[in-house]
Amino acid sequence: METYADLIECEDLLLFANAAITSTGQREFHSQAGEQRLSLGFLHDYIQGNYPDLYALTLALDVNEHNAALIIANLLRQKGGAGDARLIAWRLSRMSPPRVYRLFGRLRREGVNNRRTRAIVRDWLAGRPDLAFDAVKYRAAVKSAVRHAHLRPAGELGDFLFAPFGRARYETPVLEAWRRAHYDTSALYDLPYTVAEGFAARHGISRAVFLERIAPRLTRLERLRLAGAAERDGVRTDADLAALPLVRVASYVLSLDHRTRAERRAELVGALRASAARAAGARAGTWGTVTAVLDDSFSSYGSPVKRRRPLAVALACHHLLEALAGTYRGLWVSGGTDPLMARPSGPTPLGRRIVDALETRPGLVVIVSDGWDNAPPGLAAEVLRVWRRRLDPGGEVGVVHLNPVYDTEQFDVRRLSPMVPTVGIRDAEDLPALVELARFAEGRTGVAELRAYLEDRAAVRDRVALGERRALDDRAAPGERLTLGERGVS
Amino acid sequence: MIDLDGLETRPAQTWGALRLVPLVRREPIVDLRLHAKVYGDEPSVVFLPDRTVYTAYVPHAFVASWTGDGGPAAAYGTQLGQPLRRVPVRLRRRMARRADRNRLRFLPLHLAVEGFLALHFGGPEIAWEEWSRRAVAHGLSPRAEDAYTGAQVRGLDDALKVFEIHPGQCGLLLYAADAPAGAFVVPHPEDYRALHPTLVRDLYGELVYEYAMLHPARDFPAVIDDAAVSSLADLRAEADRHEREWAGFHDSVMAAGLLRAPERVEEIYRMGRFTLSRFLPSFERKGDNHIGETITDEEGRLAYLKTFRLSEAQSRRGHLLSVLAAHGWSLPEAAAALGIDVAALGMRLERAGFGHLLRQDVLDGYRKAVSGGGRRTRRGGGTSPPA
């Protein structure tokens, strides 16, 4: 028997999941960064206060890194929390190192320094594949984390962090390269790009020469980011587009001007398709007839800090659905027919495009839009309502709305209609999982199933985390690794 | 009467208290183009041909370029090989001034505001005894009115920023709490795209400022009657019907006051087949009064429009001046036309800010008459016992 409280709980959790998947605390088209952070902060407090047992489990969902860091900070701040350490460790191991270091910095600033926190910092640092490399690349952050967790790094690392010029030479190659880079211009090419850049400026090395020689050391994202700038200096960074996540490729494609897109059409479309095929994996071609309504109205520009993000998500979904579906049609809201040339402009006549989509008689309609239906306002909701009530009461055609933008006033992503499930989306790769989650949003399955789903996911992640931990312990042979020991409290 | 022929009304977008209604032109006008010339933040002083001086914050001027033969014109500053010459000018001559052959510089909205300020600016034509010597010699000078810039209207900057411009859009009607606040129409969609942000630097009346602060506007959501729908084609027809109904409702009800506004039209400048003119409303009380300026072609079709909504006090002032001027500045006749006695008219003039036009002793007399006469007031100021 479902009670009213159960329904509210189910709704709250889905609302939180949507928020935690989409919002990054950055400025959006319709709201400022401050509003986003305030709204999101309230939501976290609300969920943590009302559902303390479920709050940690939400880490197991595909919440984005900003929210994962927020959840972890809130959990560690809480007194007497326990039992979620493995889940936290699992999530931290999947976050990008700069973000984890930023989280540690935040814990330090806020004075969160309980035993649990120290153990989590210690374990995460011990699990880094090459801590010396981290110490060079994120020097200040590593130093601050080590200090905060009361650790005493063994061997050279402690000296490197706290008395770098106390040694005449280092045995670890990357530390030695860092020492030599201070006076030897050839040594700096063994350092990570961000560190080497500073040394290059100090030695007055020209940009073209520097880029030419540092090129092999660039990371995947640095290659992509520098592709345009380096080409002006005649250096090719050989960015491998197809290997990147789908939305990242889409963002890159949309950042190019129309002429470049036309010139490099085969390459760009190839990269998008390859990335989509990889994301689709074994599910490719299994989804039957799918029609997508994709929003490329002016609001899909996002904001100066999230440039064209909603449009990039739509473009990525277009290619992923193309790979997943047997028969696929993508309808852009502006009426454009060439997805590669998509640009954010014009109003959002979503209602009419949904009618167009339903006319193609698909098995599934996927709407990717920020939900600001304005030409005319509310037509999409009416079309979906009448469709469900009058034309398709059996629900033969599935309709899912994916929304990449968090709406601060509703503490949720903006919905089109109560008849249609709306879920937040950030990375196109999550699309299959989100369509699964949309099941809960439709209200046909209850809170018991949702809890079971969450706990099941968390258990799977827990086992993964445990397995990794064991592997780590087996791997760590004494003397071979930089070991970390807790500093004795005097 | 403003004729919006050729411009189609599209669904409105709302933000806070503001409703923005886009107007789309099927066929853009190519032989007249507008371009904004941004001035600094300093106040501008404009010398007018009748030797009066107009001082205001003028954020920008518009430059209209046209071709005599109907061929396409390019917006000034965007032609190849003709860089924009930047001349820091603070003193300007005339509201509308020819900048070159086939190019006219004019100060948008200030053209219309100046027309309103200059209304019966000369003062009494007949030196009736009630008028002060200064009123007879110098007219209404100095005459001042206040307005708010768009940046002060709450939410206008955000509303313009998040507004999604329609393809082919050539105009925008702005409503604050569903009262028409201003209209803006340009000849070409590209001009509109360029000039859309300038709306935040324009003038807005007091009423717009207050309504934007106090009364939030709601979307008119589309409603479809599900009994009438049995197929997708019906659904599409219903959507079309809704759009037509909205356009009809907007043009005949929401914008009616604005479109009916022009009463007195004054021609300012002829450029080829186009005419720049400004208009004043009828100063009807309890109605919305808009002043504005238009550019129309030889058949009267609208190429450019910009309006300013007068506040209640401003329309009252306009009304008083019009009535006075219509009766040769004779107070008894004007009072009779308004259906009040002369003393009440005198007090009304004073409340409207025109007290300095009347002789002080005359005004004092009116004040006494209205407050019940001086007989009951003793020299010491105390009231006398009832007789």
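Biologist: How do you know that strand E6 (residues 364-368) and strand E7 (residues 398-403) of chain A are paired?

Modeller: In this predicted model, E6 and E7 of chain A run parallel and are joined by 5 bridges; since pairing requires at least two bridges, these strands count as paired. One of the links can be named, for the bridge partner of A:Ile367 in E7(A) is A:His401.

Biologist: What makes E2(A) a partner of both E5(A) and E6(A)?

Modeller: The bridge counts decide it, with the same cut-off of at least two bridges: E2(A) is joined to E5(A) by 6 bridges and to E6(A) by 5 bridges, and in each case the strands run parallel. On the E5(A) side A:Val290 stands opposite A:Tyr328, while on the E6(A) side A:Leu294 stands opposite A:Val368.

Biologist: Why are E5 and E10 of chain A said to stand at the edges of the sheet?

Modeller: The open sheet has 5 strands in the order E5-E2-E6-E7-E10 (chain A), with parallel pairing. Strand E5 (327-332) and strand E10 (422-424) each have a single partner strand, so one side of each is left without a neighbour in the sheet. Neighbouring strands here are turned by 20° against each other on average, direction ignored.

Biologist: Which helix packs on this sheet, and which strands does that helix touch?

Modeller: Helix H19 (residues 350-359) of chain A packs there, touching strand E2 (289-294), E5 and E6 of chain A, and its direction makes about 165° with that of E2(A).

Biologist: Why is H19(A) called largely enclosed?

Modeller: A residue is buried if 20 or more other C-beta atoms lie within 10 Å of its own, and 8 of the 10 residues of H19(A) are buried, so the helix is largely enclosed by the rest of the structure. Among these buried residues are A:Arg352, A:Arg353, A:Ile354 and A:Leu358. Their cover includes E2, E5, E6 and H20 of chain A, together with helix H6 (232-254) of chain B. E2(A) is itself mostly covered, with 5 of its 6 residues buried.

Biologist: What does chain A bring to its contact with chain B, and how many residues take part?

Modeller: On this side 24 residues of chain A are in contact with 22 residues of chain B. H19 and helix H20 (379-391) of chain A each supply at least two residues of the side that touches chain B, and the largest share, 6 residues, comes from H20(A). By class, this side of chain A has 11 nonpolar, 8 polar and 5 charged residues.

Biologist: Where is the cis peptide bond, and what is its omega?

Modeller: The bond from A:Ala375 to A:Pro376 is cis, with omega near -10°, and A:Pro376 is found in the loop between E6 and H20 of chain A.

Conventions: Residues are numbered from 1 along each chain as its sequence is written. Chains are lettered from A and ligands numbered from 1 in the order in which they are written. This is a predicted model: local features need pLDDT of at least 70, side-chain atom pairs count only at pLDDT 80 or more; totals for chains, interfaces and linings use all residues. Helices (H or I, at least four residues) and strands (E, at least two) are DSSP runs, numbered from the N terminus. Axes are lines fitted to C-alpha atoms, for helices over the stretch in contact, and angles run from 0 to 180 degrees between N-to-C directions. Two residues are in contact if their C-beta atoms, placed from the backbone, lie within 7 Å. Ala, Val, Leu, Ile, Met, Phe, Trp, Tyr, Cys and Pro count as nonpolar, Asp, Glu, Lys and Arg as charged, and the others, Gly among them, as polar. A residue is buried if 20 or more other C-beta atoms lie within 10 Å of its own, exposed if 12 or fewer, and partly exposed in between; C-beta atoms are placed from the backbone.
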